[in-house]
Amino acid sequence: MTQEIDPPLSTMPENSPKLPITTTTATSKNKKLTLIPLIFLIYFEVAGGPYGEEPAVQSAGPLFAILGFFIFPFIWSVPEALITAELSTTFPGNGGFVVWADKAFGPFWGSLMGTWKFLSGVINIASFPVLCISYMEKLFPIFSSGVPRFMAILVSTLLLSFLNYTGLTIVGYAAVVLGVVSLAPFLLMSLIAIPKIQPHRWISLGQKGVKKDWNLFFNTLFWNLNFWDNVSTLAGEVETPQKTFPLALFSAVIFTCLGYIIPLLAVTGAVSVDQSEWETGFMANAAEMICGKWLKFWIEIGAVLSAIGLFEAQLSSSAFQLLGMAELAFLPKFFSLRSKWFNTPWVGILLSTAISLGMSYMNFTDIISSANFLYSLGMFLEFASFIWLRRKFPLIKRPYRVPMKLPGLVIMCLIPCVFLVFIMAIATKIVFLISGLMTVGGIGWYFLIKICRSKKWLKFNDVEEPIEG
């Protein structure tokens, strides 16, 4: 349901519009997410461990990979986390970034934001079973191709979707266990590697004669360190989000960055191999070189557990995004249906799973690039919404407020925007085609929904028509 909230007169001008937020009375009888499970859900929204960071070394060499994972969090992850903390606590509810764009620029942009973010999310979901199987095939080569690989992706996707259906609280505590178990072997490997580290290897620019693949390098960084704002679609499921969200986000930023950089420093310093070997899954081979087969096996099992955590966190965000959009009448009412047994948005879970399955059989690089491109479009709109909301509602109560004035906020947003332009400029033709078709489809979807609402062809939640920004 939705509820009109009248902010105190001391915090808003008299002529400011009422701000609808989604509420979750359906979940009030159930346990909500607390701090620790939320930290690990955010961690799995973004990272899930160093699995997948290897192509950064393969594409540009150790030095650039290390610098990338040191610098990129400050120009991308921190600003995105700050914006998410402010807007999620100002507009708590399952609509997340859709509400932000709607309040800033009107319903068309809210709907388009929903399209871009949802599709980038479900495309991203498709990458996790693929990543999981990439590690598993090193233990069981039968999964490297053909029918066994096809069936492994299909069965794992369906089973993980069912786990998501059993409830967000279960998923949250499962994320804590998965995070600890999947990170432990990397911590152990990093400690054992210390005596073997040769610091001069960290400053290597890569092997002579190996051409740098900047497309792969930057897409790897971007894919491993984005999606901080996805957790905003779960705000309605969090206990005291105004207090919990900022602390959880900042803890997850530190946790995630250390989880990437420590194993990367350990392995690049302790192991000397051909640069081409740094493909997805190499960390397991490095563990064998440093510690033995037992740790390689643990890391490969950890990769499977990490992929499960990544899948569950992303699927939860995508499904609850659709629920939030339905509560705000951006989607038909049936998208807000919850399971009678587990109180989860089963329609959103089903649709997200179906789309991600269809994308799972694309090339892994194309999957990442397509998710990044659509996500970049959404982030341009998100940065613009953040700045405009500060200007549009300067006096609204903000439980957490980024400690900068408007000029500083503009600079903070412009720096990552430059990177977004670069990410989009280096995209391949197939990525441009996929993203273009999906954007056109999103625009068409908005007008179709508008017609359905006006003609009353479908049932929608009873909310006021969003005010054009």
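**The nonpolar patch and its surroundings**

Reply: Happy to. Leu67, Phe70, Ile71, Phe74, Ile75, Ile411 and Ile415 make a nonpolar surface patch of about 670 Å². Areas come from the Shrake-Rupley method with a 1.4 Å probe, and for residues only the protein chains shown count as cover.

A word on the basis: this is a predicted model, in which local features need pLDDT of at least 70 and side-chain atom pairs count only at pLDDT 80 or more, while totals for chains, interfaces and linings use all residues. Residues are numbered from 1 along each chain as its sequence is written, and side-chain values use heavy atoms, leaving out hydrogens and water.

Two helices, α3 (62-90) and α14 (406-425), each supply at least two residues of the patch, and α3 gives the most, with 5 residues. Helices here are DSSP runs (H or I, at least four residues), as are strands (E, at least two), numbered from the N terminus. Leu67 lies in α3 and is partly exposed, at 37% relative accessible area; that class lies between buried (under 20%) and exposed (over 50%), using a 1.4 Å probe and protein chains only.

For contrast, turn to the interior. Pro185, in helix α7 (residues 168-193), is buried at 0% relative accessibility. Beyond four places in sequence, Pro185 touches Leu295, Trp298 and Ile299, where contact means heavy atoms within 4.5 Å. The C-alpha atoms of Pro185 and Leu295 are 6.7 Å apart, although 110 residues separate the two along the chain. Met189 also contacts Leu295 and Ile299, among others including Val267 and Met283.

Met189, Val267 and Phe386 touch the most other members of the largest nonpolar core, which has 139 residues. Such a core is a set of buried Ala, Val, Leu, Ile, Met, Phe, Trp, Tyr and Cys residues joined through side-chain atoms within 4.5 Å. Helix α11 (residues 293-327) provides its largest share, 15 residues.

As for confidence, mean pLDDT (the predictor's confidence in each residue, from 0 to 100) is 85 for the chain, with 90% of residues at 70 or more. Residues 1-29 stay under 50. Where pLDDT is low, the predicted coordinates should not be read in detail.

Notes. Patches are made of residues with over 30% relative accessible area and no salt bridge: like charges are joined within 9 Å, nonpolar side chains (Val, Leu, Ile, Met, Phe, Trp, Tyr) within 5 Å. A salt bridge is a side-chain nitrogen of Lys or Arg within 4 Å of a carboxyl oxygen of Asp or Glu.
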